[in-house]
Amino acid sequence: MSLVVIGTVAFDAIETPFGKTDKIVGGAATYASIAASYFYNKTKIVAVVGDDFPQKDIEHFHHRGISTDGLQIKQGEKSFFWSGKYHNDLNSRDTLVTELNVLADFDPIIPDSYQDCEYLMLGNLTPKVQQTVIERMHKRPKLIVMDTMNFWMDVAMDDLKVTLRMVDVLTINDEEARQLSGEYSLVKAARKILAMGPKFLVIKKGEHGALLFSENEVFFAPALPLEEVFDPTGAGDSFAGGFIGYLSKTRDISFDNMKRAIIFGSAMASFTVERFGTERLIGLTQEKIDNRVQE
Ligand code: AMP
């Protein structure tokens, strides 16, 4: 049995009120798979990069026990590139550049060794590719969690709605929930989004925590107040990775266990934001994670 994570493996250039980076490694699948790997040791990624992506960064996945059999390397092509700038409140950001590059015609390959997938994390990338991955699984996974963002609502809303009908859990932030539903109230937004397909909805509110909705229940978890938030990039993906990693480990997809998964997801996100990129996430220990969950 395994957890398969799809999403971008990318280069990011980030600007926050505290500093700026040149191209560093990021991407939704990068953050989500690394976060999940602290809970579940059969994590596998499906993604695509160009030949500009350093081998040593692929090794980071292997050090965390993550399989990259489903990671395609396209010779002569460039990796996905995203650049963003955070506002002073660190809760909002502007996308400066999105270069799809290899993502533009990504045809995901699901190796035979991934067909034991029980938990599927559809990290942020083209909704059509998210659908294709579900269709290429011989057996429907027990739980499919999907993440997306405003970019895909702007350029591929119809495809996004089709994918939404195929998944169990959607994780998005408050701004995206409003855009997807056309409702300002998050309670109304949740009702509308649950009617679009998913049985559960997680709305992430950055430093203000996260909400979990099912048809009849609501749960709210605050975020841990941190002294220093340095770079929020990847917080949502680390959250999603921690969330599904915990569910994979405990093999329990009840609402009650999802409440616990939200706490573990929040803990992983709280580490990511403490440094640029994946720096903090990569060097964690079980003890540090347990302590943070207790906090
Ligand atoms: P988050 O801060 O959790 O929303 O995710 C940030 C990560 O998402 C960055 O590392 C980017 O490489 C990646 N990203 C940005 N835009 C997109 C997009 N349109 N599709 C997929 N991944 C993206």
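Colleague: What is the shell around the ligand made of, by class?

Modeller: There are ten nonpolar, seven polar and three charged residues in the shell. Bear in mind that this is a predicted model.

Colleague: Which residues are the closest to the ligand?

Modeller: Asp12, Gly27, Arg93, Gly234 and Asp237 are the closest, out of 20 residues that surround the ligand.

Colleague: What do aspartate 12 and aspartate 237 do there, in terms of distances?

Modeller: Aspartate 12 has a polar side-chain atom 2.4 Å from an oxygen atom of the ligand. For aspartate 237, a polar side-chain atom lies 2.7 Å from a ligand oxygen. Glycine 27 comes in through its backbone, with a polar atom there 2.7 Å from an oxygen of the ligand.

Colleague: How much of the ligand does the protein bury?

Modeller: The protein buries 94% of the 510 Å² that the ligand exposes when taken alone.

Colleague: And which elements give two or more residues to that shell?

Modeller: Strand E2 (10–16), strand E7 (80–86), helix H4 (150–155) and helix H8 (235–250). H8 provides the largest share, three residues.

Colleague: Which side chain does serine 238 make a polar contact with?

Modeller: The side chain of threonine 272, at 2.8 Å. Setting aside residues up to four places away in sequence, serine 238 touches Tyr31, Ala35, Gly265, Met268, Ala269, Thr272 and Leu281.

Colleague: Tyr31 and Ala35 are on that list. Which residues of H1 are buried?

Modeller: Ala28, Ala29, Thr30, Tyr31, Ala32, Ser33, Ile34, Ala35, Ala36 and Ser37. That is ten of the ten residues of H1, so the helix is largely enclosed by the rest of the structure.

Colleague: Now H2. Which of its residues are buried?

Modeller: Asp57, Ile58 and Phe61 are the buried residues of helix H2, which spans residues 55–63. Looking down the axis of H2, these residues fall within an arc of 105°, so they line one face of the helix.

Colleague: Why would residues three or four places apart point the same way?

Modeller: An α-helix has 3.6 residues a turn, so residues at that spacing point the same way.

Colleague: What is exposed on the other side of H2?

Modeller: Lys56 and His63 are exposed there.

Colleague: And what do the buried residues of H2 pack against?

Modeller: They pack against strand E4 (24–26), helix H1 (28–37), strand E5 (43–50) and strand E6 (67–74). Glycine 65, which follows H2, has a positive phi near 75°.

Colleague: On positive phi, what is the value for asparagine 101, a residue other than glycine?

Modeller: Phi of asparagine 101 is near 45°. Asparagine 101 sits in the loop between strand E8 (93–99) and strand E9 (117–122), and counts as partly exposed at 27% relative accessibility.

Colleague: Where is arginine 251 found, and what is its phi?

Modeller: Arginine 251 is in the loop between H8 and helix H9 (255–272). Its phi is positive, near 55°, and it too is a residue other than glycine. At 45% relative accessibility, arginine 251 counts as partly exposed.

Colleague: Which residues is glycine 123 in contact with?

Modeller: Ile6, Gly7, Ala28, Gln130 and Asp147, leaving aside neighbours within four places in sequence. Histidine 138 is 15 residues along the chain from glycine 123, and their C-alpha atoms are separated by 20 Å.

Colleague: Last one. Where is phenylalanine 219, and which residues is it in contact with?

Modeller: Phenylalanine 219 is in strand E14, residues 218–221. Leaving out neighbours within four places in sequence, phenylalanine 219 is in contact with Ala210, Leu211, Leu212, Phe255, Lys259 and Ile262.

Colleague: How many residues apart along the chain are phenylalanine 219 and methionine 258?

Modeller: They are 39 residues apart along the chain, with their C-alpha atoms separated by 9.5 Å.

Definitions and conventions. Residues are numbered from 1 along each chain as its sequence is written. This is a predicted model: local features need pLDDT of at least 70, side-chain atom pairs count only at pLDDT 80 or more; totals for chains, interfaces and linings use all residues. Side-chain values use heavy atoms; hydrogens and water are left out. A residue is near a molecule or strand if one of its heavy atoms lies within 4 Å of it. A polar contact is a pair of N or O atoms within 3.5 Å; within protein, one must be able to donate a hydrogen and the other to accept it, and residues adjacent in sequence count only if both atoms are side-chain atoms. Accessible areas come from the Shrake-Rupley method with a 1.4 Å probe; for residues, only the protein chains shown count as cover. Helices (H or I, at least four residues) and strands (E, at least two) are DSSP runs, numbered from the N terminus. Ala, Val, Leu, Ile, Met, Phe, Trp, Tyr, Cys and Pro count as nonpolar, Asp, Glu, Lys and Arg as charged, and the others, Gly among them, as polar. Buried means under 20% relative accessible area, exposed over 50%, partly exposed in between (1.4 Å probe, protein chains only). The arc is that of the directions from the helix axis to the C-beta atoms. Contact means heavy atoms within 4.5 Å.
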